[in-house]
Amino acid sequence: MDYQKIINEVSEEIKTIPQEGSVADYIPELAKINPNQFALHVQSLENKCYSFGDINQKFSIQSISKVFALTKAYMIHSGKLWTRVGVEPSGNPFNSLVQLEYENGIPRNPFINAGALVIIDILCDTLENPKQELLDFIRKLAGNEDIHFNKKVAESEKRTGFKNAAQINLMKSFGNIKNDINEVLDVYYYLCSIEMSVVDLSKSFMIFVNHGILMSDNTRIMNSSKTKRVNALMQTCGFYDEAGEFSFKVGLPGKSGVGGGIVAVHPEKYAVAVWSPPLNKKGNSYLGMKALEMLTTKTELSIF
Ligand code: GLN
């Protein structure tokens, strides 16, 4: 498969698509981003890379961080997690409150905001220094020490995150948040504000391509069964109320963030990260989704 040739074609075609959508302005600090940046990077299991665009430019990973938080918690807690958070698609926006009340404060899945808050609550119980340990974990997966959080973005979210505050308070009232809500929110915003490039992201998702094994030193991060389950959750819940559309058009497990990044994995083949800040109405990168659809259509390879 000549991935670079296909990626070159994608890069030419993507330029002809008029940009739609807008950057995530509900987080004031993210509204400042230049919308015209674009990057795509494929990391293969044979350790080959194919790319185009601003591939070393770091951006806010936002909800992509929910995959790292879940992985860290799942490594420690196994089946215990699933009494506190479900594994069903929500069919609702990432910050929706509606299901939470009638489902007794148990979020549908770990990839909506409420679900990630529960996962972080669990990590706050388990880890001595959750922020540092999560950052170290991400650096290890990406094989890059030069990954940091953005204080301005984290503070901007904290100032305006009224819906997240509402969700965590509601869950606390049902007894599904054990720690102080401000402590959990603080770790949540820290994690969302971590900045990575498409190269960092595709490398860090290689464990989901490689049955839970880190490529750089062949150590096992998670067993195959857990890796399968995280991939299944990315497939069914990674794009909120657009998870069906992403499966239909792209056909790979993946996760998006409102910073405009998307990472998708083809188990046993490659991880691909794409970045274009303007988002569609569901909060997923408009051109990012188009580029991934082109990639799996042109390669005629997806998990289906
Ligand atoms: N930090 C964002 C929020 O809490 C994450 C949302 C996302 O990337 N979908 O709203």
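Please keep in mind that the model is predicted. I will take the cores and then the ligand.

In soluble globular proteins, nonpolar side chains tend to be buried together. Here, the largest nonpolar core has 67 residues. Which of its members touch the most others? They are I194, M196, L201, F205 and F208.

Take L201 as an example. Leaving aside residues up to four places away in sequence, L201 touches F59, I61, I64, F68, M196, V263 and A273. M196 is therefore a neighbour of L201 in the sense of heavy atoms within 4.5 Å.

Now the ligand. Where does it sit? The ligand is in the second largest cavity. There are 13 residues around the ligand, and Y26, Q62, S63, E157 and Y188 come nearest.

For Y26, a polar side-chain atom is 2.6 Å from an oxygen atom of the ligand. For N164, an N or O atom of the side chain is 2.9 Å from a ligand oxygen. For N113, the corresponding distance from a side-chain N or O atom to an oxygen of the ligand is 3.1 Å.

How much of the ligand does the protein cover? On its own the ligand has 300 Å² of accessible area, and the protein covers 99% of that.

Definitions and conventions:
Residues numbered from 1 in each chain as written. Predicted model: local features only at pLDDT ≥ 70, side-chain atom pairs only at ≥ 80, totals over all residues. Heavy atoms only, no water. Core = buried A, V, L, I, M, F, W, Y, C linked by side-chain atoms within 4.5 Å. Buried < 20%, exposed > 50% of the residue type's maximum accessible area, 1.4 Å probe, protein only. Near = heavy atom within 4 Å. Polar contact = N/O pair within 3.5 Å; in protein donor to acceptor, adjacent residues only side chain to side chain. Areas by Shrake-Rupley, 256 points an atom, 1.4 Å probe, with all protein chains shown as cover. 1 Å grid on protein atoms, 1.4 Å probe; cavity = no way out; pocket = protein on both sides within 12 Å on 5 of 7 lines; lining within 4 Å. Sits in = over half its atoms within 2 Å of the grid points.
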